[in-house]
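Visitor: I would like to go through this model and ask what stands behind the words used for it.
Guide: Here it is; ask as you go.

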Amino acid sequence: AAVRRGAVGVAVGAVIAGAGWLAMHYVWRGQFGAGDAYWYATVVADFVVQVREGVLPPWLGQSEYAFYGGSFPLRFAPYLQHLGAVIDLLTLRSLPPYAIVNVAVAVSLFASVVGVLLCLRRLVPERTGAMAGVAWLYASCPAVVGLAFAQDLYMSVSALPFLPLALTGAIGLLEEESWSDRLLIVVGLAGAWLAHPPLGLWMGLIVLALQIPRLRRPGAWRASWRCDLATVGGLLWLSSYSVISILTLGPRPPVFAPYANHVQFITSTFPGNWLPLAEPPRGLASLQVGYGIAALGGGLVFWLRHRLPLAAKWLWGIGAGLLLLVTPVPGLIRLLWRAVPQPTPAMHRRRQSRRRSSAARAFTTSRSRWAKMGCPQPSCRDATSSSSRRRPRSPIGAESSVWSAVCARRITPAIPIAATTR
């Protein structure tokens, strides 16, 4: 038992160290990307300058960085600028604007990986070592580690730490009623809305879909409608700033989206989003789920196909549906996007990577949950039988981890670590 605990500790430490290594490639004083990177550095600098001068809370641009009264993304998603102000305070106001934004990216990436590891341990406490491997697949997923480098998606990166919280709470409610799971949903979704409303909306739809098996149980909605109402109320209260700001944008759009543009952008990324990363990985096709997560999920479904309960099959169906949204299957892709309400694609326009990021999170957490939900309780927990300790293992786990590490290094900035201190 001591040897096993030591091995688990080594695995967890290796994942945390690997996540720190990937995040450190963003820690330097230069600029990544072009227009968007410059814009986010400018608005964060304006916010930080106002905070330094005692203007609390800043509402519009008023410094030399945004003298024209810029309000984006502060009006809709204020989290990134507030995170920059906290980093500036903790670093004793010693960093220039680009460095503040880059540190925010690194902190968000590292926090998201640690959050995934803790959430997986909460869901599957008896398999911490295996969950460390799943957390590494998440950390090295191109749609996670490459958001800022490949497409300057700083707001998307800042939302990453909140997504695992919402998914963990949603999955936990499938088994038993728990206020702690509901709190995770509220905090995760509210944080995602404040960091990046499109990701918050997509994650909200995923959480809602995950609750369908629970609500279909006989008498479930009668027993939990008060708790569900309190959860929705808490979410609306915490995310009211972003929700109200978006609702005041102007005339309401039509009910259904002009899906042709979205289908065109998805088609332009295929088959690149399922091929090995190109050199250099700077396009939308680089923000892919990755072979590691896809192989692990497919392998678990194959090995546990006869023991998967309805809830686990529902999880797999949601993940597969998200992947279909970014795969131009003839005929099917247009049908799917015609059914998507206008506000969902209109909030992010051509940034299809948001959906890939959400799909990656759904696949990462749900795959790990299958291993527990698909295994009968006696064989998972009875330690007195030698056969009970047999657990389904994936022979592709090690290969997936190595390949994911290679892909992650390709899509992170090629900045020497020594240059971060210059």
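**Reading the labels**

Guide: This is a predicted model. Leucine 92 has 72% relative accessibility and counts as exposed, because exposed means over 50%. Leucine 92 is found in the loop between H3 and H4.

Visitor: What is said about phi of leucine 92?
Guide: Phi of leucine 92 is near 60°, which is a positive value in a residue other than glycine.

Visitor: Why does arginine 93 count as partly exposed?
Guide: The relative accessibility of arginine 93 is 45%. Buried means under 20% and exposed means over 50%, with partly exposed in between, so arginine 93 counts as partly exposed. Arginine 93 also lies in the loop between H3 and H4, and its phi is positive, about 55°, although it is not a glycine.

Visitor: Is aspartate 228 buried or exposed, and how do you know?
Guide: Aspartate 228 has 18% relative accessibility. The limit for buried is under 20%, so aspartate 228 counts as buried. Aspartate 228 is part of helix H13, residues 220–238.

Visitor: What does aspartate 228 touch, not counting residues up to four places away in sequence?
Guide: Aspartate 228 touches Arg182, Arg214 and Leu215 on that count. Arginine 182 is 46 residues from aspartate 228 in sequence, and their C-alpha atoms are 8.5 Å apart in space.

Visitor: What makes H2 roughly perpendicular to H4?
Guide: Helix H2 (residues 35–52) packs with H4 at an angle of about 105°, and their axes are 8 Å apart. Angles of 65 to 115 degrees count as roughly perpendicular, so H2 is roughly perpendicular to H4. The residues of this contact divide into 11 nonpolar, no polar and no charged. From H2 they are Ala37, Tyr38, Tyr40, Ala41, Val44, Ala45 and Val48; from H4 they are Pro97, Tyr98, Ile100 and Val101.

Visitor: Why are H5 and H16 called oblique to each other?
Guide: The axes of helix H5 (residues 128–139) and helix H16 (residues 291–303) cross at roughly 140° and come within 8 Å. Roughly antiparallel needs an angle over 145, and roughly perpendicular covers 65 to 115. H5 and H16 are therefore oblique to each other. Val134, Leu137 and Tyr138 in H5 meet Gly292, Ile293 and Leu296 in H16. By class, this contact of H5 with H16 has five nonpolar residues, one polar and no charged.

Visitor: How many residues are in the largest nonpolar core?
Guide: That core has 84 residues, and those with the most contacts inside it are Tyr154, Leu160, Met203 and Leu210. Helix H4 (residues 97–123) gives the most to this core, with 13 residues. Leaving aside neighbours within four places in sequence, leucine 210 has contacts that include Leu167, Trp314 and Ile318.

Visitor: How many helices and strands does the protein chain have?
Guide: The protein chain has 22 helices and zero strands. Buried residues make up 53% of its 422 residues.

Definitions and conventions:
Residues are numbered from 1 along each chain as its sequence is written. This is a predicted model: local features need pLDDT of at least 70, side-chain atom pairs count only at pLDDT 80 or more; totals for chains, interfaces and linings use all residues. Side-chain values use heavy atoms; hydrogens and water are left out. Axes are lines fitted to C-alpha atoms, for helices over the stretch in contact, and angles run from 0 to 180 degrees between N-to-C directions. Helices (H or I, at least four residues) and strands (E, at least two) are DSSP runs, numbered from the N terminus. Angles under 35 degrees count as roughly parallel, over 145 as roughly antiparallel, 65 to 115 as roughly perpendicular and the rest as oblique. Contact means heavy atoms within 4.5 Å. Ala, Val, Leu, Ile, Met, Phe, Trp, Tyr, Cys and Pro count as nonpolar, Asp, Glu, Lys and Arg as charged, and the others, Gly among them, as polar. A nonpolar core is a set of buried Ala, Val, Leu, Ile, Met, Phe, Trp, Tyr and Cys residues joined through side-chain atoms within 4.5 Å. Buried means under 20% relative accessible area, exposed over 50%, partly exposed in between (1.4 Å probe, protein chains only).
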